[in-house]
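Biologist: Can you walk me through this one? I'd like the fold, the core and a couple of single residues.

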Amino acid sequence: MQLQDVVAANPVIAGIQDDKGLNAALTADVKVVFTLYGSILNIGDIVAQLKAAKKIVFVDVDLVEGLASRPSAVEFIAKTTDADGILSSKGHLLAVARQK
């Protein structure tokens, strides 16, 4: 299924900024979650909890503590989490993500 189909079928997207938001999203009637917090120490666990709750998860790599605005940040998320995609305001990181 394409992202636009998922969003069309699920127009409400949860954006989580802390553990309280994570806990709310786990049981909320939303399919797509934008993860807007975390660190290199816990982002894998955050994503794993959301995936276990059958969520489609996007991680904002600009907001994960310990990651720099470098291609390796995208590679780190791709290799260490089961995230479905990334968010970033940095164009060069989006170009790297398209190749993954």
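Modeller: Let's start with one residue. T35 is buried, with a relative accessible area of 0%. Keep in mind that this is a predicted model.

Biologist: Where does T35 lie?

Modeller: T35 is part of strand 2.

Biologist: And what does T35 touch?

Modeller: Leaving out residues up to four places away in sequence, T35 touches I16, I43, I46, L50, V57, F58, V59 and D60. Take I46: 11 residues separate it from T35 along the chain, and their C-alpha atoms are 8.3 Å apart.

Biologist: What about V33, which residues is it in contact with?

Modeller: Setting aside neighbours within four places in sequence, V33 is in contact with A14, I16, A25, L50, K55, I56, V57 and F58.

Biologist: Okay, the core. How many residues does the largest nonpolar core have?

Modeller: It has 20 residues. Those with the most contacts inside it are I16, V33, I43, I46, L50, V59 and I77. Strand 1, helix 2, helix 3, strand 3 (56-60) and helix 4 each give two or more residues to this core.

Biologist: Which element gives the most?

Modeller: Helix 3, with 4 residues. Apart from this core lies another one, of 5 residues, among them V6, V32, I56 and F58.

Biologist: Switching to helix 2. Which of its residues are buried?

Modeller: Helix 2 runs over residues 19-27, and G21, L22 and A25 are buried there. They cover an arc of only 105° around the axis, so they sit on the same side of helix 2.

Biologist: Why would residues a few places apart point the same way?

Modeller: An α-helix has 3.6 residues a turn, so residues three or four places apart point the same way.

Biologist: What covers the buried residues of helix 2?

Modeller: The cover includes strand 1 (13-16), strand 2 (32-35) and helix 3 (43-52). At the start of helix 2, a side-chain oxygen of D18 comes within 3.2 Å of the backbone nitrogen of K20.

Biologist: Now helix 4. Which residues are buried in that one?

Modeller: A73, V74 and I77, in a helix that spans residues 71-80. Their arc around the axis is only 100°, which puts them on the same side of helix 4.

Biologist: What lies by the polar atoms of its side chain?

Modeller: A polar side-chain atom of T81 lies 2.7 Å from the backbone oxygen of I77. The backbone nitrogen of A83 lies 3.2 Å from a polar atom of the T81 side chain. Not counting residues up to four places away in sequence, T81 touches I43, G44, V47 and F76.

Biologist: Zoom out. How many helices and strands are in the chain?

Modeller: 5 helices and 4 strands. Along the sequence, the pattern reads α-β-α-β-α-β-α-β-α.

Biologist: What's the radius of gyration?

Modeller: The chain has 13 Å, which agrees with the value near 13 Å for a compact globule of 100 residues. Its C-alpha atoms fill a box of roughly 35 × 30 × 20 Å along the principal axes.

Biologist: And how much of the chain is buried?

Modeller: Buried residues make up 36% of the 100 residues. The chain exposes about 5,900 Å², with carbon and sulfur atoms supplying 52% of that.

Technical notes
Residues numbered from 1 in each chain as written. Predicted model: local features only at pLDDT ≥ 70, side-chain atom pairs only at ≥ 80, totals over all residues. Heavy atoms only, no water. Buried < 20%, exposed > 50% of the residue type's maximum accessible area, 1.4 Å probe, protein only. Arc of directions from axis to C-beta. Contact = heavy atoms within 4.5 Å. Polar contact = N/O pair within 3.5 Å; in protein donor to acceptor, adjacent residues only side chain to side chain. Rg over C-alpha atoms; globule rule 2.2 N^0.38 Å. Areas by Shrake-Rupley, 256 points an atom, 1.4 Å probe, with all protein chains shown as cover. Core = buried A, V, L, I, M, F, W, Y, C linked by side-chain atoms within 4.5 Å.
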